[in-house]
Amino acid sequence: PRVAVIVVAAGSGERLGAGGPKAFVGIDAHTILRHALVRVFSAPLAQVVIVAPAGHEGDALTDALEAAGDRRDLVSVVTGGKTRQGSVSNGLAAVWADVQIVLVHDAARALTPSAVFERVIDAIDRGSDGALPVLPVVDTIKRVADTEVLHAVDREELAAAQTPQGFRRDILDAAYRAADRDYTDDAALVGAAGHAVSVVTGDPLAFKITTPADLDRARSLVSAAPV
Ligand code: C5P
C-alpha cells in the first residue's frame, strides 16, 4: 500500500521552556525534528508531510531534506494550526491522492524506532481501520476528586498511547471532516466516528519529549547510541 506519514511539529514547546518551538531544539548537533525524521525515513513510505510552526517552514524543510537523503521527492511541508488537531487537519489536506494509509506522528517522539512504524502499517495492512502503539501502564492509577482517592483503576485495562497512529486514509479523512470538537488524539477522533482501533506493541524509545527532564533523557540516549 502507499503510505504517508504526517509529522506534526507545530507545537510551541512551552513546557520545555527552550524559548522557541520545540521541534527545533537540539538534542545533539541535530534538532528534535531532524531526529524524528531520520527514523521516519527508515520506514517504507511514499510521502512525508511535515507540519511546521508558522514562520519556520524553511527550517523544517532544511531538516527534512537532510534527513531524507535521496528520498527528498517524498517531502511536503505545510503550516500548522492552533491545536494539534488543526495541525493534523492541515497535514491531511496535503496528502497525495493515491495514498491509502496515513500515519500521524508527533515530532516530539523523536527517538521512535522505525520498527514501530512498520508494526502500525502491518496492522492496517491486515485489515484494521486504525492502529496505535501502546505500552503497559507501570504505575498504579487512582481516580481522584479534589484531594480524595475515589478508587484505584484496574491497571490490566489500561495502556499508554504513543504515536505513530495509523489509519485507512478514507476513514481518517472522513473522521476529520466529521470532528465537531477537540479530541485527545487521532485514535479517539477516529473512535468517535465509530471505527475500531487496534493496538500494537509500542516502544519505550517512543516517549514524548515534553519537559526539560525528557530532553535530558533524549540527550543521554543519543550520546550513548548516536544515529
Ligand atoms: O505539546 P505536545 O508535545 O503534546 O504536542 C504533541 C505534538 O503535536 C508535538 O510534536 C507538537 O509539535 C505537535 N503540535 C502541533 N500543532 C499544535 C500543537 C502541537 O503540530 N498546535
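How many C-beta neighbours does K22 have inside 10 Å, and does K22 count as buried or exposed? K22 has 26 such neighbours and therefore counts as buried; this residue is taken up again in one of the views below, all of which show a predicted model.

**Overall view. The predicted model of the protein, with its helices, strands and dimensions.**
The protein, shown here as a predicted model, has seven helices and 10 strands. Its C-alpha atoms fill a box of roughly 55 × 40 × 30 Å when this is taken along the principal axes. The radius of gyration is 17 Å, which agrees with the value near 17 Å that a compact globule of 227 residues would have. Of the 227 residues, 41% count as buried. Among the contacts with a separation of 6 or more, 73% are accounted for by residues 24 or more positions apart.

The shell around the ligand consists of 18 residues.
Of these residues, V8, A10, G11, S87 and A108 come nearest to the ligand. By residue class, the shell divides into seven nonpolar, six polar and five charged residues.

**Close-up of A10. A10 is placed in the loop between β1 (3-8) and α1.**
Named above as one of the residues that come nearest to the ligand, A10 counts as buried because 29 C-beta neighbours lie inside 10 Å, where 20 or more are required. Leaving aside its neighbours within four places in sequence, A10 is in contact with V51, A52, P53, G80 and S87, and S87 is likewise listed among the residues nearest to the ligand. The C-alpha atoms of A10 and A23, which are 13 residues apart along the chain, are separated by 7.4 Å.

**Close-up of K22. K22 is found in the loop between β1 and α1.**
With 26 C-beta neighbours inside 10 Å, K22 counts as buried. Not counting residues up to four places away in sequence, K22 touches G11, G13, L16, I32 and A108; of these partners, G11 and A108 are also among the residues that come nearest to the ligand. From K22 to P164 the C-alpha to C-alpha distance is 18 Å, and the two residues are 142 residues apart in sequence.

**Close-up of two helices. Helix α1 (residues 32-40) and helix α2 (residues 57-68) cross at roughly 35°.**
Two packed helices are described by the angle between their axes and by the distance between those axes. For α1 and α2, the axes come within 9 Å, and the crossing is right-handed. On the side of α1 the contact is made by L33, R34, L37 and V38, and on the side of α2 by A60, D63, A64, E66 and A67. These contact residues divide into six nonpolar, no polar and three charged.

**Close-up of V104. V104 is found in strand β4 (residues 101-106).**
V104 counts as buried, since it has 27 C-beta neighbours inside 10 Å. When its neighbours within four places in sequence are left aside, V104 is in contact with I6, V8, V88, T163, P164, Q165 and D186, and V8 is also named among the residues that come nearest to the ligand. The C-alpha atoms of V104 and V7 are separated by 6.1 Å, although the two residues are 97 residues apart along the chain.

**Close-up of a cis peptide bond. T163 and P164 are joined by a cis peptide bond.**
The omega angle of this bond is about 10°, and P164 has its place in the loop between β8 (159-161) and β9 (165-168). Both T163 and P164 are contact partners of V104, and P164 is also touched by V116.

**Close-up of V116. V116 lies in helix α4 (residues 114-125).**
With 25 C-beta neighbours inside 10 Å, V116 counts as buried. Not counting residues up to four places away in sequence, V116 touches P133, P164, G202, D203 and A206. The C-alpha atoms of V116 and T83, 33 residues apart along the chain, are separated by 25 Å.

D146 is found in the loop between β6 (141-145) and β7 (148-153).
Although D146 is not a glycine, its phi is positive, at about 55°. D146 is exposed, because 4 other C-beta atoms lie within 10 Å.

Notes
Residues numbered from 1 in each chain as written. Predicted model: local features only at pLDDT ≥ 70, side-chain atom pairs only at ≥ 80, totals over all residues. Near = placed C-beta within 6 Å. Nonpolar A, V, L, I, M, F, W, Y, C, P; charged D, E, K, R; others polar. Helix = DSSP H or I, 4+ residues; strand = E, 2+ residues; numbered from the N terminus. Buried ≥ 20, exposed ≤ 12 C-beta atoms within 10 Å, placed from the backbone. Contact = placed C-beta atoms within 7 Å. Axes fitted to C-alpha atoms, helices over the stretch in contact; angles between N-to-C directions. Left-handed = near helix turned anticlockwise from the far one by under 90°. Rg over C-alpha atoms; globule rule 2.2 N^0.38 Å.
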